[in-house]
Amino acid sequence: MAYSRIVALTPSITETLFALDVENLVVGVTDACDYPPGANSKSHVCSWFDPDINRITLLEPDLVLGLSTAHEQISLLLKNEGIRCILFNPATVQEVLADMISLGDLLGVSEQAASLVNGLKHRMEKLAAQVKQIRPDERRTVSRVLDIDGENLIVAGPLSFQYDVIKQAGGINVTASLNEPYPVVSFQTFKKWDPDMIFLCGTDRSYISRLQADPLWQGLAAVHHGNIHLFDCGLTCRTGPRIIDMAELLFQTLYG
């Protein structure tokens, strides 16, 4: 079936569709779909985690693409409206690339998808070769912190793509024993792990300074040594083509 009107419910999917050169098929995106710049010209269907079904249906899509952990309910509503909805949930970098191939096949642009993925795989292979040169005793422990609520933290666990990005970058995840995607842990547990490097995402550059000034956080090695970082959410939180950019950035931050 040929699709001509697509609504993308995540920034990652929007980025991938643009990278596949099928942006002309995209009629709707979410408020968070800010990359590439051309995405801003598309109609918005509200937030990615709570899209407006009325806005979606008004766009008369023949295909809606979303995330299985966020869009199961709206997928059922769309199917009741006779609108096909396909959901993704990649948990590793390899699964991200496999989804790109699947999207290419679905939309009749298999060659574009293969070219895109081959380029990303080449960069992954180059990164893997660089990681291999790091001696085991020089590998650094890492934690991705998604949220801080008092003395509880949400961190990237083994079932999350962010955990795999750290692994691809040569970091040693401190959360290896937790069989969850994004577990909640106490600060005391986090302090026992005491990762060499910590990273968060956001745009508030003063946030790191505030953590560094917090007596609780000052006891962490990463804070003491200045190895706590704030990265662009567009890189850390998305499973689009720039996931390789994030792995490369992490490697450079850890070992550059």
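Let me begin with the cysteines: a search of the whole structure finds zero disulfides, a disulfide being a pair of cysteine sulfur atoms within 2.5 Å. The sulfur of Cys237 lies 3.6 Å from the closest cysteine sulfur, that of Cys201, which is too far for a bond. Cys237 is partly exposed, with a relative accessible area of 34%, and Cys233 is also partly exposed, at 30%; here buried means under 20% relative accessible area, exposed over 50%, and partly exposed in between, with a 1.4 Å probe and protein chains only.

Please keep in mind that this is a predicted model, in which local features need pLDDT of at least 70 and side-chain atom pairs count only at pLDDT 80 or more, whereas totals for chains, interfaces and linings use all residues. Residues are numbered from 1 along each chain as its sequence is written, and side-chain values use heavy atoms, with hydrogens and water left out.

On a 1 Å grid over the protein atoms alone, a pocket is an open set of points with protein on both sides within 12 Å along at least five of seven lines, a cavity is a set where a 1.4 Å probe fits but cannot get out, and lining residues have an atom within 4 Å of a point. Grid points are joined across faces, edges and corners, and a volume is the space filled by probe spheres set on the points. Helices (H or I, at least four residues) and strands (E, at least two) are DSSP runs, numbered from the N terminus.

How many cavities of 30 Å³ or more does a search of the whole structure find? There are two. Phe161 is among the residues lining the largest cavity, and helix 6 gives the largest share of that lining, three residues. The second largest cavity is lined by Val93, Met124, Leu127, Gln168, Ile244 and Ala247, with helix 5 and helix 12 each supplying at least two of the residues.
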